[in-house]
Structures are given as structure tokens and as C-alpha cells.
Amino acid sequence: MPITGADILCEALVREGVTDLFGYPGGAILPVYDAMLKFPLRHILVRHEQGATHMADGYARATGRVGVAIATSGPGATNMVTGIATAMMDSSPIVCITGQVGSRLIGSDAFQETDIIGITLPITKHNFLVTRPEDVAPVVREAFQLARSGRPGPVLIDITKDAQQLSCEPRWEQIVHVRHQRTLPAPDPQQCSRALDLIASARRPVVLAGQGILLGDAVREFRAFVDASGIPVGVTLLGIGALPASHPQNLGMMGMHGEAWVNTAIQESDLLIAMGMRFDDRVTGNLKTYAPHARKIHIDIDPAEIGKNVPVDVGIAGDLAEVLRGWMPMLVPPRAPEWIARIDELKGESAVRDIQQLPDDGHLYAAHVIHDLWRLTNGGAVVATDVGQHQMWEAQYYHHERPRTLITSGGLGTMGFGLPAAIGAKVARPDAEVWAIVGDGGFQMTMAELATIVQEGIDIKIAIINNGYLGMVRQWQEFFYGGRYAATPLVSPDFTRIAGAYGLAARTITSRAQVADAVGEARRTPGTALLDFRVEQEDSVYPMVPAGADLHAMIRRPSPLAETGADV
Ligand SMILES: Cc1ncc(C[n+]2csc(CCOP(=O)(O)OP(=O)(O)O)c2C)c(N)n1
């Protein structure tokens, strides 16, 4: 029986295991919306297509399943661009489906025609223009395969209106074979044995743990390696959760706002073992002075990452879980008791960061809020953040024990990501307690999605870290632009009244004494609740490695905490 391209698309999605998709309708995608009613697909109606892409991304990051976003042609498609670029930079598997004008109109500047294939070429792992119903099913198969295989990433399917409306007989049995499916080469045994030699003879080794551990489903193998080797571990922002925060070898986050002792340990190390991370500039600082005494081993599924930023002594392109499984029988742990003692000493020097020492002087600090949230949720929540100071404080003070519980835009640093990503995570994991921790700036970029929350009955908790500024930019102005606050003081609406307008529970918190009660109340409230934390306005994130500076040249807290009671 011939069926329409729109029906084929929906059936193909169901066959891929898709149950939820995030989108916004329009003329060029209407046949698919009409067909969707016949299939077991939950469509979440967003308020802006950017929201749909971030929701699909949050869905993917919370579970590892491919997230799906759908929009119409022209402005619907272009509104997706930021979300696609966000997913690309962080290797998140999403499939975006856009309607396109009829195939005979392409190139005629037809109403709502835009070349989304051209626009998204550099920000997708792959994209497809489908102009015939016959191609729909195989393209969907291939798109999902590409999105999740190897180094994951976003794939876009642009489908013309006639390809949705015309009919053909789908040949499901013929599309199991996927053209582009590539098998990875087995890890090079010579490189593996060189790596094991370097590990055995190291005296000051550090493992650099990245998101690839989560994306490659290598958490178990990684843990086994860490336990057996005894090597201390620094994590990237996106690697948080790859090893429980409470694990004794987990030193915490590295990089621009990483723990001082992690950055110092990296600079003093004699061997870096980088796993599923890409030596981003926010992690390395000045490359010329980065870990000058260290040999480097780099394992990544994407061969293009090896040697891209940092020259390495041993590069292994391959599946991390497989590499680590191969290593284990031959692993000789390094002898490094002095190194462990040295790192303990470095930690001791920075013990001022210990939250217990924070004075409760009537001011509300963002670090207090995040710390208390961590404690009150027993570290068990899935947290989606926005971008800025609150994002760094979250990474510093919410101690994640489990994989895939921090969802944050690392590579693109996309403000507006947090709220929709939290919605996507909740749709993917209805069982989980999901918090969106956002700034007053970023929240205003996508807060229209509060209506999505109401319409779809989504139950998340929202914590706005409200400092009245575009905080992270204000911090840069304070440090590097003579304190001239150009365009960073931020007027905001009363967020509790915004929430109230949507019928959502909300509360303003101005002192630390109110935090536990407010969080408890929000957690007990059925449905979404919003907390507006009015935190200290000119607080800064420490330590800080200025962009491009040496990793050890960290700006530390200017005066002792006991005196200022300010920064944490
Ligand atoms: C879409 C977008 N525009 C601009 C920026 C640059 N930027 C980075 S952090 C930041 C300030 C964020 O302010 P807010 O959301 O209030 O969070 P805070 O830093 O105060 O925690 C800005 C403007 C960005 N990352 N993303």
C-alpha cells in the first residue's frame, strides 16, 4: 500500500524508537503534523524553535537517546540554528526535521524558503535534503545512525512539502543497511603498549576526564581503570559525572574556573592521560606553557581531535571502553605516593573554598544557594544550567555523583539553554528530579518556554540566580575593563509575577535563612515552581584563569574570606 512521505516519516521515527518530539508547526511541515496524529508520538509544542532544539539536546544528554526537534521552513528552520550549533559543539545526538518549500519552488525565493542545508552545513554532523517520498525512510534511518554513532552530533533532515504529500510504498526491509555506517578501527596495540609503559613509569600522573566517557558509555570501564591505577582525576565541565564527585581520586573541575589544585597539578604533572576530551582553550589556557613537563596520552573516538590543540606522545583513536578493557589486564599502576601527598598539600592551601567556612553574614551568595540545593537534593537531581557565573558555581558547588546529571552548554556557551534543556531532560526522565539553574539574563532569553511547561504539564524546579547583572560579563569588566559596566546592569521583571501569570508557584529568596524552606516548599509543590534567589550582585567566580593566560596564573580571591565575607 502506498502511503505519503509524511506518514513514512512518522512511521520511520516510531521505528527508530522515538516517543517524544519537540516542535512548532507551519505551512511547509503541516503534512507531517497532520500525519503525526495517527502515530504514538508525543509532540511537545514549544514557544520558539530554539527551545525545541535545546529540549531535544537536553533529552539526549539526560539519556543518550537521540532527541528530535521539528519545525517549518524559513524562520522556523533558522530559529533552530543556535540549538544545532550548541549540539554540534558538545557532540549531542539530535535529529532536526525541517519542512521545505515544494521541490519545484526551490531557488525561486518562494515564501518561507531558506537554504537551511547551506546554513547548517558547518554546524551539523551531516544534513539531508529530501525531495522524494521514496527517500524518506532510508534518510531517517541514516540520520539516526549518524547522530548517535562514533562522535555523536546533530543531523538535519530538510524535507520538501511535495516529498511529504506524495505517496510511495516504503520498503522497510531494504533499509536496514546503512551506507555511511563506519566501523572504528581497533585501538592500535603498539600505541596502547606505549601508553601502558608511560603510565607504569609516571611519577606525577593526572587523568583528564571528558564527556567522551559519558558519550561512549565507558563509565564502568573508566571507574575500573581509575580504581586500579590510583591516578588522580581532573574533570572537564562536560566530564562532570563521569566519576562520582565523592570518589577520593576525583580532584574536581579543571580549567578557567577549575579548582586551583587541579590546574596546579596539571602544570606540575609528568603524564597527562586525556580521555574523551578535546583540550579546549578554556581547559588549557596558554598552550605554550600548558603542562610543560608532561608526556601526553590522548584517547578520543574522533581522530581529528588527536594532536589538534596539544601535541601528544601517544594518540589512540578509538572507542574508550574498548581501549580501557584492553588495558586492564596489562596495567601496571604508577608508584606515586609523593605525588598524592603533593596534591593533598595543594588542596590544603585552597581549603578556604570550603563552604563550611562561609560566613552567614546576612548576604545571600550564589555559592550558598548552589551548595544548599546540592545538600537538600542529596546531590541526586538532574541539573540543567544556563551560561555564566551561576554555571561555574554550579560546577563548583553541586557535587554530581552520577553520569548525565549535569546538562550544560560547554562548547558554544549558549545563554537560554538551561530552561528548555531542563524541560527536555524531564520529558526524557520523568522519574528524575530536574532543576534548571539559570541566570537572570539567560532565563529571559527563553522564558517563553514557561508556557510549554504549563501546556505540557512539565514538573521541573527553576532556580534563578538573580544578581541584577549579566554577571559573567560584569566580572570580566571588573577584572579586565577597569570596572566599566557597559551594558551589563540588567533590569528584570518580577520573576515571581511572571511565573504567577503562567499559574506557576514562585517565591523570592533574599537571605540564606530562607533557602532551605523555599527549596523544600518548591520540591513539595506538584508541578513546576520557580525560586528567584536575589544574590549578592557583584560577586565573582574564583579562581579564574584569564583567557589565554598560563593555566597556573590564576586570579585568586583578593582578600581572605574572613575579612570580606564575600567571594567563595
Ligand atoms: C546567546 C549568548 N549571548 C551572549 C553571551 C555572552 N555571555 C556569556 S555569560 C553572559 C552573562 C550571563 O548573565 P546571566 O544570565 O545573568 O548569568 P550570570 O553570569 O549572572 O550568572 C553573557 C552575556 C552568551 N554566552 N550567549
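1. Throughout, buried means under 20% relative accessible area, exposed means over 50%, and partly exposed is in between (1.4 Å probe, protein chains only). The model is a predicted one, in which local features need pLDDT of at least 70 and side-chain atom pairs count only at pLDDT 80 or more, whereas totals for chains, interfaces and linings use all residues. Residues are numbered from 1 along each chain as its sequence is written, and side-chain values use heavy atoms, with hydrogens and water left out.

2. Most residues other than glycine have a negative phi, and most peptide bonds are trans. D217 has a positive phi near 50° and sits in the loop between α10 (212–215) and α11 (219–229), helices here being DSSP runs of H or I with at least four residues and strands runs of E with at least two, numbered from the N terminus. D217 is exposed, with a relative accessible area of 63%. S91, in the loop between α5 (81–89) and β5 (94–100), also has a positive phi, near 55°, but S91 is buried at a relative accessible area of 6%.

3. A cis peptide bond, with omega about -10°, joins Y542 and P543; P543 belongs to the loop between β20 and α24 (561–564).

4. How many disulfides does a search of the whole structure find? The search returns zero, where a disulfide is a pair of cysteine sulfur atoms within 2.5 Å. For C10, the closest cysteine sulfur is that of C168, at 14 Å, which is too far for a bond. C10 is itself buried, at a relative accessible area of 1%.

5. Leaving aside residues up to four places away in sequence, W327 touches, among others, C192, F225, M275 and I297, a contact being heavy atoms within 4.5 Å.

6. Helix α16 (residues 366–376) is mostly covered, since eight of its eleven residues are buried, among them H368, H371 and D372. The cover over these buried residues includes α17, β17 (434–439), β18 (461–466), α23 (515–524) and β20 (529–534). After α16 comes N378, with a positive phi near 55°. In α17, nine of the nine residues are buried, so that helix is largely enclosed by the rest of the structure.

7. The ligand is surrounded by 17 residues, of which the closest are Q389, H390, G413, G442 and G471; a residue counts as near if one of its heavy atoms lies within 4 Å. Among the polar contacts (pairs of N or O atoms within 3.5 Å; within protein, one must be able to donate a hydrogen and the other to accept it, and residues adjacent in sequence count only if both atoms are side-chain atoms), a polar backbone atom of Q389 is 2.8 Å from a ligand oxygen. A polar backbone atom of Y469 is 3.1 Å from an oxygen atom of the ligand. Taken alone, the ligand exposes 580 Å², of which the protein buries 75% (Shrake-Rupley method, 1.4 Å probe; for residues, only the protein chains shown count as cover). The elements giving two or more residues to this shell are α17 (389–397), α19 (440–446) and α21 (471–480), and α19 gives the most, with four residues.
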